[in-house]
Amino acid sequence: MLVLHYTGMVDGPAALARLTDPQAKVSAHYMVEEDGRVFALVPEERRAWHAGKSFWRGRTDINAASVGVEIVNPGHEFGYRPFPDVQIATVIELLTDIRSRWTIPDDRVLGHSDVAPHRKTDPGELFPWRRLAEAGHGFWVEPAPAPGAPLAEGDEGLGVLTLRSGLARLGYECPRSGRYDADLAVVVRAFQRHWRPERVDGIADGETRARLMALLRMVTT
Ligand SMILES: [Zn+2]
């Protein structure tokens, strides 16, 4: 798997200091600065400590099965801002390079918030997943208006059950149930951050559900 992060610290040097501090107990295979410089920090075949408690497609030890890339951005806490073009161009090159060495399907090119939706929001809704997909990394679904009444917290029934099983099939940790509870709203928000970034509200409207279904048609395994 590939797990993308933002550093979520005031600047690149602060993030680099933390990622190379043994006491901090966090690490990643690569860090990409805003100006496009790449820092190789951990060999790809070694485990890095970037994902924490996480889940995707039934797998929980994500650190043992992923390459982690930290992308410098202050994040939601310190002034979230768009990722510069040169930085994203470098990320794309880096992913091409990594994927030439490992078999990583497109449905396993993910954000930290996908594998840990209850704890993490990175790399966030400003991350250009669409541009990555156009460059051959990950899946993207073009926006298209879709009918259907929105499902939201408090709702119950078959629609909620279908939504949950779709999110679980894609990979999210999402137990079977017909109830739209606060936990489901968090997972929907994570889905939107990645695949419907213009609307991150935890409400599964018709378009959010349509994009999920379209993605499931792309996933082969
Ligand atoms: Zn992260």
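## A tour from the cis proline to the pockets

Start by selecting P123, which sits in the loop between helix 4 and helix 5 (129-134). Helices (H or I, at least four residues) and strands (E, at least two) are DSSP runs, numbered from the N terminus. The bond to pick out here is the cis peptide bond between D122 and P123, with omega at about 5°.

Before moving on, a word on what is on screen: this is a predicted model, in which local features need pLDDT of at least 70, side-chain atom pairs count only at pLDDT 80 or more, and totals for chains, interfaces and linings use all residues. Residues are numbered from 1 along each chain as its sequence is written, and side-chain values use heavy atoms, with hydrogens and water left out.

Buried means under 20% relative accessible area, exposed over 50%, and partly exposed in between (1.4 Å probe, protein chains only).

**The largest pocket**

Together with Y6, T7, E70 and K120, H112 lies nearest the centre of the largest pocket, which is lined by 24 residues. On a 1 Å grid over the protein atoms alone, a cavity is a set of points where a 1.4 Å probe fits but cannot get out, while a pocket is an open set with protein on both sides within 12 Å along at least five of seven lines; lining residues have an atom within 4 Å of a point.

Color helix 1 next: three residues, the largest share of the lining of the largest pocket, come from this helix. By class, this lining has seven nonpolar, 10 polar and seven charged residues. Ala, Val, Leu, Ile, Met, Phe, Trp, Tyr, Cys and Pro count as nonpolar, Asp, Glu, Lys and Arg as charged, and the others, Gly among them, as polar.

**The second largest pocket**

Now select K53, S54, F55, T60, V115, A116, P117, H118, R119 and E173, the lining of the second largest pocket. Its residues divide into four nonpolar, three polar and three charged.

**A buried arginine**

Jump to R211 in helix 8 (residues 206-218). R211 is buried, with a relative accessible area of 2%. Not counting residues up to four places away in sequence, R211 touches W140, V141, P143, F191, W195, R196, P197 and E198. Contact means heavy atoms within 4.5 Å.

**Two loops to finish**

Which residues show a positive phi without being glycine? K25 has phi near 55°; find K25 in the loop between helix 1 and strand 2 (30-32), where K25 is exposed at 68% relative accessible area. R57 has phi near 50° and lies in the loop between strand 3 (38-40) and strand 4 (67-71). R57 counts as partly exposed, at 24% relative accessibility.
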